[in-house]
Amino acid sequence: QSFDGLLKEARADKDKNAIARYLRLLGFVHQERAEFEEALEFYTKALGFVTETGDKVQMADCHNAMGTAQWNMGIYTEAIISYEEGAYLARISENHDGQGIANIGLGNVHSDMGELEDALEHYTEALDNLKDTENFQQISRAYNNLGDTYLLKKEWDKALTNLEKSIEFADQGGWFNMKAWAEANMAIALVNKEEFDKAEKMLGSSLSFLEELGDRAGIGGAYQAYGMLYSKKKNWDMAILSYQKAVDIYTEINTPSYLAQCRYELGMAYKKKGNVKKANEELRRAANLYTHLKMDDFLKNVLAEIET
């Protein structure tokens, strides 16, 4: 039976909690298709129904879902407001899963904004929220995002330690997307440790699985990691090809923060190859995205690389 049919049945029964659940599920379907505006619309409608019932657990879930859509859309102020409201409602209703999800979301926003210590604090708090639950999927996610943040801090061994834990919990929770994401992130750490053969083997495994699952964001991340691998090996043509594949996917699914970083890395590959014209084109595109996202520190780094 389709979600639409179940939703129609819930409306007929005037069951507001059930209506909200199905609206949230429809929102999640759109989210998985990277249709974030449509997802946010369904999550907002769901929140309206559960607010009427006073179900704080579902209200927290709706706010957290809204935060995830807003984060993917690059509207960070709104995402923080949604996640903080989700965390508050989860806390007062003793909903540890909801608290953990809210803290992971807040960590994601702070990470994208370059506020890495704040991100680490939220991911660590999420693990504390989730420690007495069996929500292995979200525990895996928290460890993966901790590992990703240590990548940004260039602390490769800490990144690998957390990513290995992410894979362990992903296996327990049966969340194969996250396992593949963690493998791609591990490959980035291995690239930076110049363990290229291990990195390439892990990336091949990750990309194959992500393609089988149809995880577009994950596939984009894997191609971006290939770009990093080939850049480290100074194979600029393959690096540019890999980054361009990632850029095409990030453009298609409209993830502005990922797209900005990838355009920056693509521009730097062109620059190191000696193609200043193409480098400046990509770096200016990255700068425009960072201006839109109000990520000033990232913007300054990009502008410093543009050659006049």
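This is a predicted model: local features need pLDDT of at least 70, side-chain atom pairs count only at pLDDT 80 or more; totals for chains, interfaces and linings use all residues.
User: What makes H4 largely enclosed?

Analyst: Of its 18 residues, 15 are buried, so the rest of the structure largely encloses H4. Buried here means under 20% relative accessible area.

User: What caps the N-terminal end of H4?

Analyst: Asp 55 does: one of its side-chain oxygens lies 3.2 Å from the backbone nitrogen of Val 57. The cut-off for a polar contact between N or O atoms is 3.5 Å, and the 3.2 Å of this pair is within 3.5 Å.

User: Why is the pair of Asp 61 and Arg 24 called a salt bridge?

Analyst: The closest N and O atoms of Asp 61 and Arg 24 are 3.8 Å apart. The definition asks for a side-chain nitrogen of Lys or Arg within 4 Å of a carboxyl oxygen of Asp or Glu, so the pair qualifies. Asp 61 lies in H4 and Arg 24 in helix H2 (residues 16–32), so the bridge ties together parts 37 residues apart in sequence.

User: Why is Asp 61 called partly exposed?

Analyst: Its relative accessibility is 21%. Buried would need a value under 20% and exposed one over 50%, so Asp 61 falls in between.

User: How many salt bridges does the whole structure hold?

Analyst: A search finds 18. One of them joins Lys 153 to Glu 117, with the closest N and O atoms 2.6 Å apart. Lys 153 lies in the loop between H8 and helix H9 (156–173), and Glu 117 in helix H7 (residues 116–130), so this pair ties together parts 36 residues apart in sequence. Lys 153 and Glu 117 also belong to a salt-bridge network with Glu 155 and Lys 158.

User: Is Lys 153 buried, exposed or partly exposed?

Analyst: Lys 153 has 26% relative accessibility and therefore counts as partly exposed.

User: What makes Arg 263 and Glu 282 a link between two helices?

Analyst: Their side chains meet in a salt bridge at 2.7 Å, N to O. Arg 263 lies in helix H14 (residues 256–273) and Glu 282 in helix H15 (residues 276–293), so the pair ties together parts 19 residues apart in sequence. Arg 263 and Glu 282 are buried.

User: How do you know that the span of H8 agrees with its number of residues?

Analyst: At 1.5 Å a residue, the 17 residues of H8 (residues 136–152) should span 24 Å, and the end C-alpha atoms are 24 Å apart. H8 is largely enclosed, because 13 of its 17 residues are buried. Lys 154, with a positive phi near 65°, follows H8.

User: Why is Asn 145 called buried?

Analyst: Asn 145, found in H8, has a relative accessible area of 11%. That is under 20%, so the residue counts as buried. Leaving out residues up to four places away in sequence, Asn 145 touches Ile 104, Asn 108 and Tyr 123.

User: Which residues form a nonpolar patch on the surface?

Analyst: Phe 176, Phe 209 and Leu 213 form the patch, with about 250 Å² of accessible area together. Leu 213 lies in helix H11 (residues 196–213). At 38% relative accessibility Leu 213 counts as partly exposed, and a patch residue needs over 30%, so Leu 213 passes that cut-off.

Methods. Residues are numbered from 1 along each chain as its sequence is written. Side-chain values use heavy atoms; hydrogens and water are left out. Helices (H or I, at least four residues) and strands (E, at least two) are DSSP runs, numbered from the N terminus. The expected span of a helix is 1.5 Å times one less than its number of residues. Buried means under 20% relative accessible area, exposed over 50%, partly exposed in between (1.4 Å probe, protein chains only). Contact means heavy atoms within 4.5 Å. A polar contact is a pair of N or O atoms within 3.5 Å; within protein, one must be able to donate a hydrogen and the other to accept it, and residues adjacent in sequence count only if both atoms are side-chain atoms. Patches are made of residues with over 30% relative accessible area and no salt bridge: like charges are joined within 9 Å, nonpolar side chains (Val, Leu, Ile, Met, Phe, Trp, Tyr) within 5 Å. Accessible areas come from the Shrake-Rupley method with a 1.4 Å probe; for residues, only the protein chains shown count as cover.
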